[in-house]
Amino acid sequence: MTLLPKNSDGCPYLLLAPMEGVGDSTFRRAMASIGGFDEACTEFLRVPSNAHVASLAKRYRADETFPIPQAAQLMGSDPDLMAEMARAVVERGAPRVDLNCGCPSNTVTGRGAGSSLLKDPGHLYKVAKAMVEAVAVPVTAKLRSGFEDTSLFNENLLAAQESGIKYLTLHPRTKVDGYGPPARWDLIAEAKQLLRIPVVGNGDILTVQDALRMLEQTRCDALMIGRGSVINPFIFHEIKAHFAALPFEREWLPFERFIAIFKQELANMPMRGQINKLKQLFGFLFKGNAALLGKRQQILTSLFTDKEAFLDFVLPLYQSDWKKAGQKDSLILAEFERGNGDMCLEESCG
């Protein structure tokens, strides 16, 4: 099977990014009800030095996004444990295993995992190669552009390639950058020129026009979208419709199904936790255009003790302007994202 195949209309392969926070299994299941993307990936499964691999692997569910395939992302620094974990998730049905070389969290990097692997290309190679040799399915890697800077950018890319991974995804911000400055798409273009393996572009794709500009500027082989899919769950459909030269009209019924599944997945949480998760989700959804953005604080500061009452309040607000979200607000969105400090997810977490 060809990796990262374009569809019959020439649309590149579209991946739902692994994201910690709102992009958990609840969100992925809800997104699968809408569809549009070609593959999903779990948020990272952390593999510490004392990991009980068999128990940890049970957190991976291949059927979460059925019928859309879902890869498993692993994060750790011990080559033997990462190889063992790769075997365990493949036994549970993972069609692909991804190595996290991007998480910027200090609690992660302090233990040598996530973006800390970018400080030592040799060790990155050892971890990735151990995973490649452990399983028959494709192993891939998701990288930031560096740790403190991009001085080891080429070395890290080549180390990943030489390990035998099938392709890599690049989120072009360093660990130190966090989520603030604009993603450097020029680095994706450099990676594409340097490497023999395919390169997936990731970072700051919030609209169809962003997706088209990334493809044009970087010549990347596929697109991975994280925040853009939380702000606009229909973005994958909109990109595919563009390539098919067809209009795409957002319909309310699929969105209601999306919310119903999201709500259903929260059922085992305490009510306060359910409301907080819904606020978190709608906090992103309300970034879709200027009119909704102006109402965002109203929903984040609302006081509800029942999720149904919260939804009765927030859904009419969202429905009033949701169809207007789109390309005309790209600059508003980009400016908001760069200055926003309250986000608890980012595609580079994964």
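In this predicted model, helix H6 (residues 153-162) and helix H7 (residues 185-194) have axes that come within 11 Å and cross at roughly 50°. H6 and H7 are therefore oblique to each other, and H6 passes H7 in a right-handed crossing. On the H6 side, the contact is made by Phe 153, Asn 154, Leu 157 and Leu 158, while H7 brings Leu 187, Glu 190, Ala 191 and Leu 194.

Let's turn to a proline in a loop. Pro 233 has its place between helix H9 (227-231) and helix H10 (235-243). Which residues does Pro 233 touch, leaving aside its neighbours within four places in sequence? Pro 233 is in contact with Met 31, Ile 34, Phe 258 and Leu 285. Ala 30 is worth a look too: Pro 233 and Ala 30 are 203 residues apart in sequence, yet their C-alpha atoms are 9.3 Å apart in space.

Is Pro 233 buried or exposed? Pro 233 counts as buried because its relative accessibility is 1%, and under 20% is the cut-off for that label.

| Residue | Relative accessibility | Class |
|---|---|---|
| Cys 11 | 1% | buried |
| Cys 101 | 0% | buried |
| Pro 233 | 1% | buried |

As for the cysteines, a disulfide is a covalent bond between the sulfur atoms of two cysteines. How many disulfides does a search of the whole structure find? The search finds zero.

Definitions and conventions. Residues are numbered from 1 along each chain as its sequence is written. This is a predicted model: local features need pLDDT of at least 70, side-chain atom pairs count only at pLDDT 80 or more; totals for chains, interfaces and linings use all residues. Side-chain values use heavy atoms; hydrogens and water are left out. Axes are lines fitted to C-alpha atoms, for helices over the stretch in contact, and angles run from 0 to 180 degrees between N-to-C directions. Helices (H or I, at least four residues) and strands (E, at least two) are DSSP runs, numbered from the N terminus. Angles under 35 degrees count as roughly parallel, over 145 as roughly antiparallel, 65 to 115 as roughly perpendicular and the rest as oblique. A crossing is left-handed if the near helix is turned anticlockwise from the far one by less than a right angle, and right-handed if clockwise. Contact means heavy atoms within 4.5 Å. A disulfide is a pair of cysteine sulfur atoms within 2.5 Å. Buried means under 20% relative accessible area, exposed over 50%, partly exposed in between (1.4 Å probe, protein chains only).
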